[in-house]
Amino acid sequence: LRAAVGLELYLMSIGLTHETRRKLDRAWGDRVRIHWVASDYEKVESLRSYGYMSSPAANLRLLVGSSLPDDVSKVIYLDADLLIQKDIFEIWERDMQGKIVLAVQDSYIQRFPARCRSPQKQANTQLPYFNSGVMVIDLKAWRAEGMEERCLEAAERLKHRTKWLDQDVLNTCLSGRWGLLPPVWNKQFFLGLFPDWQCSPYEEAEFQEARSQPAIIHFCTQT
């Protein structure tokens with residue numbers, strides 16, 4: 001974090017012990033102010049049977065609009081399994097260009113899955129698909145567009161035929177409403193498995209930069 005910039009850190013969690021919360025409270029310097037977020041756990045419980053790949057806490061990001069204070073109009077969402085190596089203020093300053101979310105194209109799921117497409121979009125096999133581990137979110141637009149309600153409806157519709165949890169829901173509801181961040185801002189595990197850039201969904205220069213100098217490393221596997 002660059003000098004003279006403070007950080008309002010909102011933590012969304014399920015089941016953290018008092019001791020763990022106490023350690024986290026003491027882990028930050030003076031420029032970071034922590035806010036523990038009380039989410040609507042009835043909504044979280046309603047999603048418990050949705051997917052199977054990770055903790056129900058993964059679904060908390062779907063509730064970001066109602067969980068954070070109304071005066072928070074923009075946020076950078078970060079998963080817990082990230083190693084941040086560069087000043088994230090750089091993505092905070094990016095022009096949203098009318099999009100609700102900025103995110104990185106997923107390394108593993110390179111095209112929007114057919115299981116998530118509406119009948120109107122079934123013919124389009126080239127729709128991109130983003131990884132939800134790092135997102136810059138225009139919360140004002142998110143709330144105005146009723147994204148939380150849309151996400152909950154999509155989660156109910158998709159829960160018996162998907163394993164990618166919130167990510168399928170977000171891609172379903174934000175199709176055409178999200179913009180690209182360079183992959184350096186979310187270097188996913190699978191990027192390291194590609195033999196060359198042509199196997200990836202990225203351009204050569206950004207592929208090489210993400211592999212050699214990632215700003216954020218995402219440990220998005222079960223191991």
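Which backbone oxygen does the side chain of Arg61 reach at 2.8 Å? The side chain of Arg61 reaches the backbone oxygen of Ala58, as described in the first of the legends below, which refer to a predicted model.

**View 1. Surroundings of Arg61 in the predicted model.** Arg61 belongs to the loop that links helix H2 (41-46) with helix H3 (64-67). The residue is buried, as its relative accessible area is 6%. From its side chain to the backbone oxygen of Ala58 the distance is 2.8 Å. When residues up to four places away in sequence are not counted, Arg61 touches Tyr77, Asp79, Ser132, Gly133, Met135, Trp142, Asp166 and Leu170.

**View 2. The open sheet of four strands.** The strands follow the order S3-S6-S5-S7, and their pairing is mixed. S3 and S7 are the edge strands, each of which pairs on one side only. From one strand to the next, the twist averages 30°. Helix H7 lies across S6 and S7 and runs at about 55° to S6.

**View 3. Strand S5 and its partners.** Strand S5 comprises residues 101-105, and five of the five are buried, so the strand is largely enclosed by the rest of the structure. S5 and strand S6 (residues 130-138) run antiparallel and are joined by five bridges. Within this pairing, Gln105 has Phe130 of S6 as its bridge partner. With strand S7 (residues 178-180), S5 pairs in the parallel sense over three bridges. Here Val101 stands opposite Trp178, while Ala103 has Leu180 as its bridge partner in S7.

**View 4. The largest nonpolar core and the contacts of Val101.** This core has 27 residues, and those with the most contacts inside it are Val101, Ile137, Trp142 and Leu174. At least two core residues come from each of strand S3 (74-78), S5, S6, helix H5 (139-144), helix H6 (147-158) and helix H7 (165-173). Helix H6 gives the most, with five residues. Val101 touches Met96, Met135, Val136, Ile137, Trp142, Leu174, Arg177, Trp178 and Gly179, leaving aside residues up to four places away in sequence.

**View 5. The open sheet of three strands.** The order of the strands is S4-S9-S8, with mixed pairing. Strand S4 (82-84) and strand S8 (187-188) stand at the edges; each has a single partner strand, so one side of each is left without a neighbour in the sheet. S4 and strand S9 (residues 216-218) run antiparallel and are joined by three bridges. Leu83 has Ile217 of S9 as its bridge partner. In general, strands of a sheet pair through backbone hydrogen bonds, in either a parallel or an antiparallel manner.

Notes
Residues numbered from 1 in each chain as written. Predicted model: local features only at pLDDT ≥ 70, side-chain atom pairs only at ≥ 80, totals over all residues. Heavy atoms only, no water. Buried < 20%, exposed > 50% of the residue type's maximum accessible area, 1.4 Å probe, protein only. Polar contact = N/O pair within 3.5 Å; in protein donor to acceptor, adjacent residues only side chain to side chain. Contact = heavy atoms within 4.5 Å. Pairing = 2+ DSSP bridges. Core = buried A, V, L, I, M, F, W, Y, C linked by side-chain atoms within 4.5 Å. Axes fitted to C-alpha atoms, helices over the stretch in contact; angles between N-to-C directions.
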